[in-house]
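Open the model in your viewer and keep the selection panel at hand. The stops below each give a selection and what it contains.

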Amino acid sequence: MNAFDYQQVADSEQAIEQAVRSRRAKYLGGGTNLVDLMRETVERPQALIDVTRLSRDIDETAEGGLIIGAAVTNSALAGDARVRSRYPVLARAILSGASAQIRNMATVGGNLLQRTRCAYFYDVAARCNKREPGAGCDALEGFHRYHAILGTSPSCIATHPSDMAVALAALDARIHLRGPEGERQLAITELHREPGERPDLETELQPEELIVAVELPPLPMAARSNYRKVRDRASYAFALVSVASMVELDGETIQDVRLALGGVGTKPWRALRVEAALRGQPATEATIAAAVDAELTEARPLPGNAFKVELARRTLIAELSRRIADARNGGEA
Amino acid sequence: MQWTINGQVREAEVDFRTSLLDLLREQFQLSGTKKGCNQGACGACTVLVDGERINACLALAVQYQGRTITTVEGLAENGTLHPVQAAFIEHDGFQCGYCTPGQLCSAVGMIGELERDHPSAVTADLAANGIEWNRDELRERMSGNLCRCGAYNGIADAIAAGLAKELGEELGEELDEELGEEIAR
Ligand SMILES: Cc1cc2nc3c(=O)[nH]c(=O)nc-3n(C[C@H](O)[C@H](O)[C@H](O)COP(=O)(O)OP(=O)(O)OC[C@H]3O[C@@H](n4cnc5c(N)ncnc54)[C@H](O)[C@@H]3O)c2cc1C
Ligand code: SF4
Ligand code: FES
Ligand code: FES
């Protein structure tokens, strides 16, 4: 690990001031990803600005949603009674990630901005366009079982590893940012970028910009939402495929549906094609199967991860069918 | 810099790069906490900070200044083993023992989470009050602690017994037995 300066700040204003003043500063949340990457010298910040004293509150919004401070821990968010009853997909996504110890350390801001677990990205002796633009990508012809099939480019096929972000994508969460130029908001689906020719540019954040909060809009059908994660072992493993889902029925017609995928996309993957193909359609096996295919025909698998197309198809169909059955039984959310 | 470790205020000036794990082991000779992977993947370094379990290998010591840290050396009280420690001996909760300090701290942290009604990935109804404890809950909640020897059956038995004792003492004798049997099954 390279030497660095450390500073703890009390609020977002101080954090940004410090970041502007320091050279090559990074914000530090729980450190569960950043400290690891610094040890491998993948990350080499000259200053760490500890933002774990930023807001740890979860509050109701005027619209009937929730606003979550960036320093709320993953455990606290998953344990919150309002999240558990109104947005179970979010609680389940978080609880399916990492371990209890890591969730106790990890923050909401850090979870969103954690970097890929691609082994070649971690290994400074390997070729990686994300770590070193133009170097090449050892994953393309290497071990890419855990890599993406959607949103990939010839430059990079790395998945975004966050489970939480997949649930947030399905929930249409809004990310509240603050930087030297002031405050702004982004939809969660606009926060991360697809790799294209610049896999090193991972998000829309400007230099020194800070995540200050995440806002959940009110969404009654989310009370019947779920997160299903398929992986190589039952716990403490990243997703091969995961599905965040919720469905609203009007009689036998699919009135509304939200779907997002993890483990298969270069960013938290909102399955808009499936949603569009389902909205207003009858809730039948045939419409579901056709809708799922509309998304998966976009997949660009490689030999080591081609199994994910079928795995994603089956998981999506199973989850959609369950949500529809629940909506039939449950009636109003 | 200053920390309260196992009830004692300790001070040291360390490089910002020092992890909480290295601080404990190398500055304060508290070598009970183990270094397995040094990357968050095994749980051998688990300690309690203000009662919550974390991985000390991913924690920068500087970030935890002023906090109250409990390591395996601090679990016993006045020479009496913590019920979970005693249960590890009774139920053969180890082979080589390398993962044990992390397992113990993690189990103690987990009991606190159960008492606070914190859910897990296998909790069936997240909105319900009160969580039904069973073997699946226990295994899921302890999945952040790997055992290279594969002593999992003994570990799970020991934790179930320790858990029944800890929660049972507060819930009354009847429940204690019921819970013990339910969990041990
Ligand atoms: C063994 C292991 C297994 C894991 N398994 C899973 C899993 O199954 N699923 C999953 O989703 N995750 C998993 N994780 C990843 C874990 O969820 C992340 O490491 C964690 O969420 C990161 O949060 P943090 O607060 O520790 O971030 P940090 O490591 O502190 O920071 C991560 C990044 O975010 C930036 N940052 C932090 N806060 C802010 C802010 N407020 N504004 C702007 N930038 C900020 C930092 O500068 C850094 O670049 C695993 C991690 C480990 C080590
Ligand atoms: S997949 Fe992306 S992160 Fe992995 S080696 Fe290739 S360029 Fe790097
Ligand atoms: S040594 Fe910390 S998790 Fe393995
Ligand atoms: S007893 Fe040997 S590692 Fe667990």
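Start with the second largest pocket of this predicted model, which has a volume of about 670 Å³. Its lining has 30 residues; to find the centre, select A:R231, A:A234, A:S235, B:V122 and B:E140, which are the closest to it.

On chain A, select strand 9 (226-230) and helix 13 (307-330); on chain B, select helix 4 (135-141) and helix 5 (152-171). Each of these elements supplies at least two residues of the lining. Colour the lining by residue class: twelve residues are nonpolar, six are polar and twelve are charged.

Now move to ligand 1 and select its shell of 34 residues. The closest of them are A:Y27, A:T32, A:L34, A:T107 and A:D163. Colour by chain here: residues from chains A and B surround the ligand, so the site is shared between chains.

Then display the polar contacts of ligand 1. One of its oxygen atoms is 2.7 Å from an N or O atom in the side chain of A:T32. An oxygen atom of the ligand is also 2.7 Å from a polar backbone atom of A:L34. At A:G110, a polar backbone atom is 3.5 Å from a nitrogen atom of ligand 1. Of the 980 Å² of accessible area that the ligand has on its own, the protein covers 96%.

Which elements of chain A each supply at least two residues of this shell? Select strand 2 (25-28), helix 7 (108-113) and strand 8 (210-216). Helix 7 of chain A gives the largest share, four residues. By class, the shell divides into 15 nonpolar, 15 polar and four charged residues.

Conventions: Residues are numbered from 1 along each chain as its sequence is written. Chains are lettered from A and ligands numbered from 1 in the order in which they are written. This is a predicted model: local features need pLDDT of at least 70, side-chain atom pairs count only at pLDDT 80 or more; totals for chains, interfaces and linings use all residues. Side-chain values use heavy atoms; hydrogens and water are left out. A residue is near a molecule or strand if one of its heavy atoms lies within 4 Å of it. A polar contact is a pair of N or O atoms within 3.5 Å; within protein, one must be able to donate a hydrogen and the other to accept it, and residues adjacent in sequence count only if both atoms are side-chain atoms. Accessible areas come from the Shrake-Rupley method with a 1.4 Å probe; for residues, only the protein chains shown count as cover. Ala, Val, Leu, Ile, Met, Phe, Trp, Tyr, Cys and Pro count as nonpolar, Asp, Glu, Lys and Arg as charged, and the others, Gly among them, as polar. On a 1 Å grid over the protein atoms alone, a cavity is a set of points where a 1.4 Å probe fits but cannot get out, and a pocket is an open set with protein on both sides within 12 Å along at least five of seven lines; lining residues have an atom within 4 Å of a point. Grid points are joined across faces, edges and corners, and a volume is the space filled by probe spheres set on the points.
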